[in-house]
Each structure stands twice: as structure tokens, then as C-alpha cells.
Amino acid sequence: MEREQWCEGCGVTLQTENPEEQGYVPASALEREHIICRRCYRIRHYNELAPVEQDPSATLRLLEQIAQADALVVQVIDLFDISGSWIPGIHRHIGNNPLLILGNKVDLFPKSIKHQRLKEWVQGAAKDLGVKPVDVVLTSAAKGTRIDVVAEAIEKFRDGRDVFVIGTANAGKSTFINRLLKEFGDEGEEAVTTSPYPGTTLDAISIPLGDGKHIIDMPGVVRKDRMSEWVDPKELKQITPDGEIKPKVYQLSEGQTLFFGGLARIDFVEGKRQSFICYLANGLYIHRTKLEKATEIWERHRGELLSPPKNPDSLPKMVRHSFVINATMKEDIVISGLGWISVGSEKAKVDVWAPEGVRVELRSAVI
């Protein structure tokens, strides 16, 4: 290759020498007007997924460039996993640039939930994290919900400047950019490669705007404290909601357990009979059993009846998180990258088991 070229789909530098390395294209592909690497081609045309080893420090170095620029920063967060899709220390990366928060995947929430309630919830979460955005806009990049409102907000707050779109891996950045371009720009094939596997965008991708400025899609920041980063690509769709969540309600008595596939489990250790309302991907198998039999069933059936994962050894060891529910208000037990269980109608002691390193926390109820 005589000059350096980049994949339009994921931003990686292209090369024609080694098919096993990132950025490979056959030499003949370099004659095309729009060039994408072999990995992007396979994702788009064959839905082929494969994990990619990324250097988190390289991604953070790219983010550090934003503080030196004069631009609007749009952070895309996954409303289904706010804490897990937040970029730690974001205020250090963006400098004095204004921050617009885009709450993505609003379509996953029951239609009865008021948008204003969700918006206030996001604003409160941002405040707790020490950030004051210029605005919060809710959308569904996949469905195109309120994309016109998003476009108006970006145009208003960018004020003739470049736009950096940032977020953690799999929050929906690239899907959002493609939707924006589809609605207001090119009608052709997607500009940025998307897939359900974290880390699809490998380098910054710059897309020109009409006034000489650019939208820059930054690589997703990979966080290892989410379930989605540990699940095999082929099984990821089983835990990733793709439509409105249908809450599953279980009336549990003390000494009962719920298994969420073979990924996590919740033990009702102590308390009066009460509701455990599960907000998870509709297709994820939930199994109820007695706590006294739970360990035996887990060890015998994990990877078969209790799946995903088909290969339990692919996950870190399970660790216990203990919570005391005071019943002063409704609360959510959040398993990052998987979903949450709403509790709090009665006092209770609950143990949650999840792979080591996956964030498990208690928060005030969203719904």
C-alpha cells in the first residue's frame, strides 16, 4: 500500500499483508470508492462476530484529544445500563467543552414510563457523578425515536463546531450516527459498522458535515465490569434486549432462589413473602428453585438447562454480593450488562451471585 488508508466502517488502518491482523483487505479492494476491512465486511454481510483485543490506554489517549478541541461532546449512554455505560472521569476528558447526554434505548422501557421521569433520573445520575450536561435527550437509535429532537439539540449546542460522539462499547454510538446520517444525509449503506459485540469501532471515524465541520465517532471505552463484556459473541443476543422489556414478576418466599440462565443468581435469604420484578432480556431463561438445593442444581445444570453460557469456564468465578433491603422505598438490584430486579415492598436480606468483577449495586428504583 503506497499511502495510509482507513476502514470507513471501524476506523482501523488498512493493510494488505496479513489476513489474520486487524485492517486486512485484499489489494483489489483498494480500488473501490468506499473501502471497509474484511472484519467489517463479514459483520455486515454474514453477521459474523468476533471479539477484538483492544488497548484501553490507546482509547483513553484518543479521548484526551477532546479537551484540546473546541467542540460539542455527545455522550451516548445505555438507559438499560446507565452506571455500566458511563465513561469514568469524563469531565477530565472533555475539558471545558459542553456535554450533551444522549439516553439511548428508550424503546426498551415499558410505554407507561414517562419520558420526563427518565430524563430526570439521568440528570440525577449525572449530578451524582459530578457532571452538569447542557441537556439530556432520550432516543432509540435503533428505532429512530425522537431523532429529529436529537438533531436539533446537536445543531443548537454545537454552534458551528465539530461534534465528538463518545460512549462505552455497545452503548449504541455507531448505530446512532448511522441513524442520524440516514435521516439527514446519505441514504446508502451504513457509514459505520455496527454489531452487538463491544469494541466494533477500533479508531476515530470522522464524518464531514455540510459546513466544513465533522462528526467524530470515537472508539467505545471498554469496561470489564459489565456482563456483556464476558459473554461469548454468539450468546450475546440472548442477554441483549431488542424490544420493550416485559417484566417478569416472581412471588418469592424466604429460602428461594432465582437463576438467570447460568450467568447470575439471586438468593432470598430472609424476609416476608414478596415480589421480585425482573427487568431482563425477554428471551433469558429464569429458573426458580429452593435455596437449599441451589448450589447442587447450579453445579449440575449450568451450561445446559442454565444457559448461557454454554461454557461456564469462560466466565470468572462467581462471587457473592449481600444486600439489606430496608423497604423504605422501592429499590433496584442492578447486575451491570444484564438488567435489574426491583425489590423493596418488604424488608429482606438478599445475596446476589455474579462473575467476579461484574458490577452489582443497589439503587433507587427507576420504575
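Student: Which backbone oxygen atoms does the side chain of Arg223 reach?
Tutor: A polar contact is a pair of N or O atoms within 3.5 Å. This is a predicted model. In it, the Arg223 side chain comes to 2.8 Å from the backbone oxygen of Ser83. It also comes to 2.7 Å from the backbone oxygen of Trp86.

Student: Where in the chain is Arg223 found?
Tutor: Look at the loop between β6 (214-217) and α7 (236-239). Arg223 is in that loop.

Student: Is Arg223 buried or exposed?
Tutor: Buried means under 20% relative accessible area. Arg223 has 8% relative accessibility, so Arg223 counts as buried.

Student: Which residues does Arg223 touch?
Tutor: Leave out residues up to four places away in sequence. Arg223 then touches Ser83, Gly84, Trp86, Pro88, Thr168, Glu229 and Arg359.

Student: How do I read a sheet? What is the strand order in the open sheet of five strands?
Tutor: Go from strand to neighbouring strand. Here the order is β7-β10-β14-β13-β16, and the pairing is antiparallel.

Student: Which strands stand at the edges?
Tutor: β7 (248-252) and β16 (360-364) do. Each has a single partner strand, so one side of each has no neighbour in the sheet. Neighbouring strands here are turned by 25° against each other on average, direction ignored.

Student: How many bridges join β13 to β16?
Tutor: Five. Strand β13 covers residues 331-335 and runs antiparallel to β16.

Student: Now the nonpolar core. Which residues of the largest one touch the most other members?
Tutor: A nonpolar core joins buried residues through side-chain atoms within 4.5 Å. The largest core has 38 residues. Ile90, Ile101, Leu118, Val122, Ile166 and Met218 touch the most other members.

Student: Which element supplies the largest share of this core?
Tutor: α4, with five residues.

Student: What does Val122 touch?
Tutor: Again, skip residues up to four places away in sequence. Val122 touches Ile77, Leu79, Ile82, Ile101 and Val136. There is also a second, separate core of 31 residues. Among them are Val231, Cys278, Leu284 and Val360.

Student: Let's step back. How many helices and strands does the protein have?
Tutor: Eight helices and 16 strands. The protein has 367 residues, and buried residues make up 55% of them.

Key. Residues numbered from 1 in each chain as written. Predicted model: local features only at pLDDT ≥ 70, side-chain atom pairs only at ≥ 80, totals over all residues. Heavy atoms only, no water. Pairing = 2+ DSSP bridges. Helix = DSSP H or I, 4+ residues; strand = E, 2+ residues; numbered from the N terminus. Axes fitted to C-alpha atoms, helices over the stretch in contact; angles between N-to-C directions. Buried < 20%, exposed > 50% of the residue type's maximum accessible area, 1.4 Å probe, protein only. Polar contact = N/O pair within 3.5 Å; in protein donor to acceptor, adjacent residues only side chain to side chain. Contact = heavy atoms within 4.5 Å.
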